[in-house]
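Subject: Structure handover, with notes

Dear colleague,

I am passing on the structure we spoke about, together with my notes on it. Please look through the model itself before reading further.

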Amino acid sequence: MPSYTGSRINTLEHVRIAMAREEVAEFTIESVRVLDADETVDDGLLPELSDEALLDLYEAMKRSRRLDERAIALQRRGELGTYAPAIGQEAAQVGTAYAMADDDWIVPSFREQPALLVHGTPPDRILQYALGMEEGGEIPGGEGGLPPAIPVGTQPLHAAGIGWGERLQGRENVAVTYFGDGATSEGDVYEALNFAGVYDAQTVFVCQNNRYAISTGIEKQTAAETLAQKAIAAGIEGIQVDGNDVLGVYRVAQEALDLARDGEPVLIEALTYRRSMHTTSDDPTVYREREEEAEWEARDPIVRFQVFLEDRDLLDEGTKAEIDERIESELAEAIDRAREARDRVDPADMFRFVYDDLPPELEAQLEAFEGGAGGETDG
Ligand SMILES: Cc1ncc(C[n+]2csc(CCOP(=O)(O)OP(=O)(O)O)c2C)c(N)n1
């Protein structure tokens with residue numbers, strides 16, 4: 001009778017060796033990259049995209065980057081609430097969203113500016129969301145997407161349900177949902193993958209492994225080698241892609257969307273890096289090294305793609321300036337529209353639509369607010 005202390009491990013190993021075992025399942029996870037950080041291109045994998053489409057991808061990434069930069073500045077001036085920049089993650093999102101059809105569903109978390117812009121949400125809506133306005137969560141046209149989800153890991157379940165609903169209705173649309181590496185530690189994400197597998201949901205799960213969940217590094221998130229392999233237990237396809245390579249991401253997303261339209265859900269792990277703060281309330285300098293940030297700056301998805309376009313004579317100084325000017329004027333107009341929308345809102349609305357009868361403490365806050373106390377309540 002083996003004792004439980006000291007000899008436990010040996011005993012288990014002994015049992016393993018003694019058992020006759022049969023291999024019942026085997027799997028591999030593949031990783032895709034078309035455009036390397038050193039600008040090597042795998043021509044065989046290049047997606048079929050016109051020159052115009054390639055420039056579109058570039059402009060979409062730059063538009064999102066500039067929106068983030070302007071939003072951070074607005075937040076610092078006290079004009080916006082908390083804002084979560086996607087700086088560094090543009091390729092992972094633009095590449096996937098660009099492969100979607102207009103009437104596919106986008107099911108975002110809270111850092112999805114690049115994907116939302118590509119899927120047709122105007123920048124002023126995104127700013128309105130950060131202004132605390134419910135209209136900011138609307139998808140233009142009223143369908144084809146859900147508002148941002150702040151509770152981590154919840155929205156993949158919604159996407160699995162939507163993807164199943166599309167299948168039940170005999171339609172071809174796919175639900176594409178975005179979440180982070182941290183979200184994969186939430187049970188909801190496994191439930192979503194599992195449900196999608198069982199019910200052949202028309203869903204693509206895009207996990208942006210940006211290496212951080214606020215200050216928690218990826219090494220504390222999982223003992224698994226990849227996040228893509230989390231698909232295996234759910235019986236669905238899992239694939240990894242260099243998330244800073246917009247061409248690779250687009251290529252993988254195209255295939256994933258095709259599979260999902262046929263009722264085969266896919267989990268994509270896009271390897272990327274959150275180059276900026278978690279949100280405007282965060283200071284990454286307290287938990288990560290400058291050297292690490294510098295390494296990823298060199299792998300920036302926009303710079304990498306810009307060099308590719310320049311090498312192929314698709315982008316010169318004139319075109320770059322045109323793109324920058326267009327983005328600046330679009331964003332200036334969007335900021336004006338967001339400010340106008342904000343000025344039309346009565347801030348006391350926040351007290352009006354949750355309760356039929358306001359609880360006493362909120363009643364007191366409302367009175368203080370309307371009495372011009374400027375929010376100085378004890379709530
Ligand atoms: C259920 C839940 N727990 C905790 C939080 C607080 N929180 C907000 S973002 C975040 C980290 C999310 O990390 P990840 O999923 O990797 O996404 P990323 O922020 O990197 O895009 C946490 C813990 C939350 N919003 N919801």
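Predicted model: local features only at pLDDT ≥ 70, side-chain atom pairs only at ≥ 80, totals over all residues.

Residues are numbered from 1 along each chain as its sequence is written, and side-chain values use heavy atoms, with hydrogens and water left out.

Salt bridges

The structure holds 31 salt bridges, a salt bridge being a side-chain nitrogen of Lys or Arg within 4 Å of a carboxyl oxygen of Asp or Glu. One of them joins R65 to D300, with the closest N and O atoms 2.8 Å apart. Because R65 belongs to helix α2 (residues 51–76) and D300 to the loop between α9 (290–297) and α10 (301–311), this pair ties together parts that are 235 residues apart in sequence. Helices here are DSSP runs of H or I with at least four residues, numbered from the N terminus. R65, at 12% relative accessibility, counts as buried, and so does D300 at 1%; buried means under 20% relative accessible area, exposed over 50%, and partly exposed in between, with a 1.4 Å probe and protein chains only.

A second salt bridge is formed by the side chains of E79 and R342, at 3.1 Å from N to O. This pair also links distant parts of the chain, since E79 sits in the loop between α2 and α3 (90–99) and R342 in helix α11 (residues 317–344), 263 residues apart. E79 counts as buried at 17% relative accessibility, whereas R342, at 28%, counts as partly exposed. Both residues belong to a network of salt bridges that links R77, E79, R339, R342 and D343.

Helix α11

Within α11, the side chains of E317 and K320 meet in a salt bridge of 3.0 Å, N to O, and the two residues are three apart, about one turn of the helix. E317 counts as exposed at 58% relative accessibility, while K320 counts as buried at 13%. The buried residues of α11, including I323, I327, L331 and A338, pack against α2, α5 (123–130) and α10.

Ligand site

Of the 15 residues around the ligand, R111, G182, A183, N210 and Y212 come nearest, where a residue is near if one of its heavy atoms lies within 4 Å. A ligand oxygen is 2.7 Å from an N or O atom in the side chain of R111, and a ligand nitrogen is 3.0 Å from a polar backbone atom of V152. Another entry in the list is H278, with a side-chain N or O atom 3.4 Å from an oxygen of the ligand. Taken alone the ligand exposes 580 Å², of which the protein buries 71%, by the Shrake-Rupley method with a 1.4 Å probe.

Q113

Q113 is found in helix α4 (residues 113–118) and counts as buried at 5% relative accessibility. A polar atom of the Q113 side chain lies 3.0 Å from the backbone oxygen of A84. The C-alpha atoms of Q113 and S64, 49 residues apart along the chain, are separated by 6.3 Å.

Best regards

Key:
Contact = heavy atoms within 4.5 Å. Polar contact = N/O pair within 3.5 Å; in protein donor to acceptor, adjacent residues only side chain to side chain.
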